[in-house]
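Subject: Structure handover and notes

Hello,

My notes follow below it.

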Amino acid sequence: MNNSERLYKISDIADIAKVNKTKVWRYIRDNNISERSMKGNAKLYSEHNKDVILKALSNDSIHFATETKADTSRILLEQIEILKGELERKNDQLDKMQSLLDQQQQLNLSTNRQNEKLLNTPQNTSEDASQDDKDVLEPTGDHYKGEEVKAPKKGLFGWLRR
C-alpha cells in the first residue's frame, strides 16, 4: 500500500456521491468490491474503488431517476386498474347483499302477518283450526286437572316414595 494513496470509508464515498450509506454498501456487496484495509471496524477502500463506485452510482442515479418515474407511473396505473376492478366487485357484492336483505325483510314481514292472522282468527270458524290450536293454547281432557301429576321415580327404593 502506498502511503500517498488516500483510503475512503463507506460514509466518505456516500457523502461524495450524495447518496445514502446503505446504497453504497449494497453496491459494494452486490459487486464484490473488496476493501483495501480496515481501521477498527471501518472498511477502507482505495481511490480506484471509490472512483468505480462513484461512476456506477452516478450512472445508476441518472438512469434510476428516469426509470423510476416511468416505472412508478406504470405501477400506479396498474394499481389503479386493479383497485377499480376490486371496487366494481365490491359494489356488485353490496348490491346482492342489499337485495338479499330486502328479501329477508319481506319474508319476515310476511311471516309476521301470517302469525298475526293465525293468532287473531276466531276459534269458532272451523273445527279443524280449533283442534290444531288446542295443543298449543290449552291442555284438554283428562291430562290437565289444575294440578301437576308427577311420574313415580324409579330406582331401588322407588316403592318407598309412593
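How many residues apart are K50 and E47 in helix α3? They are three residues apart in that helix, which spans residues 47–120, and this puts about one helical turn between them. Bear in mind throughout that the model is predicted.

Salt bridges

Four salt bridges turn up in a search of the whole structure. One of them joins the side chains of K50 and E47, with N to O at 3.2 Å. K50 is buried, at a relative accessible area of 9%, while E47 is partly exposed at 28%.

K50 also forms a salt bridge with D51, where the closest N and O atoms are 3.5 Å apart. D51 is partly exposed, its relative accessible area being 40%.

Another of the salt bridges pairs R74 with E78, the closest N and O atoms being 3.3 Å apart. Both residues belong to helix α3 and sit four residues apart, about one turn of the helix. R74 is partly exposed with a relative accessible area of 43%, and E78 is likewise partly exposed at 42%. Through shared partners, salt bridges link E47, K50 and D51 into one network.

S46 is found in the loop that runs between β2 (42–44) and α3. S46 is buried, with a relative accessible area of 3%. A polar atom of the S46 side chain lies 3.2 Å from the backbone nitrogen of N49. Apart from neighbours within four places in sequence, S46 is in contact with E5, R6, L7, Y8 and R36.

Helix α1

Helix α1 covers residues 10–17, and its buried residues are I10, I13 and A14. Viewed down the axis of α1, these buried residues fall within an arc of 100°, so they line one face of the helix. Just after α1, K18 has a positive phi of about 60°.

Nonpolar core

The largest nonpolar core has 13 residues, of which I13, V24, Y27, I28, I33, Y45 and I53 touch the most other members. Two or more residues of this core come from each of α1, α2 (21–30) and α3. The biggest contribution is that of α3, with four residues. As background, nonpolar side chains in soluble globular proteins tend to be buried together.

Setting aside neighbours within four places in sequence, I53 is in contact with I13, V24, Y27, I28 and I33. Each of these contacts is also among the core residues that touch the most other members.

Confidence

The average pLDDT of the protein chain is 79, and 69% of the residues score at least 70. Over residues 133–137 the pLDDT stays under 50. For that stretch the model has two contacts beyond four places in sequence.

Regards

Note on methods
Residues numbered from 1 in each chain as written. Predicted model: local features only at pLDDT ≥ 70, side-chain atom pairs only at ≥ 80, totals over all residues. Heavy atoms only, no water. Buried < 20%, exposed > 50% of the residue type's maximum accessible area, 1.4 Å probe, protein only. Arc of directions from axis to C-beta. Core = buried A, V, L, I, M, F, W, Y, C linked by side-chain atoms within 4.5 Å. Contact = heavy atoms within 4.5 Å. pLDDT = per-residue confidence, 0-100. Polar contact = N/O pair within 3.5 Å; in protein donor to acceptor, adjacent residues only side chain to side chain.
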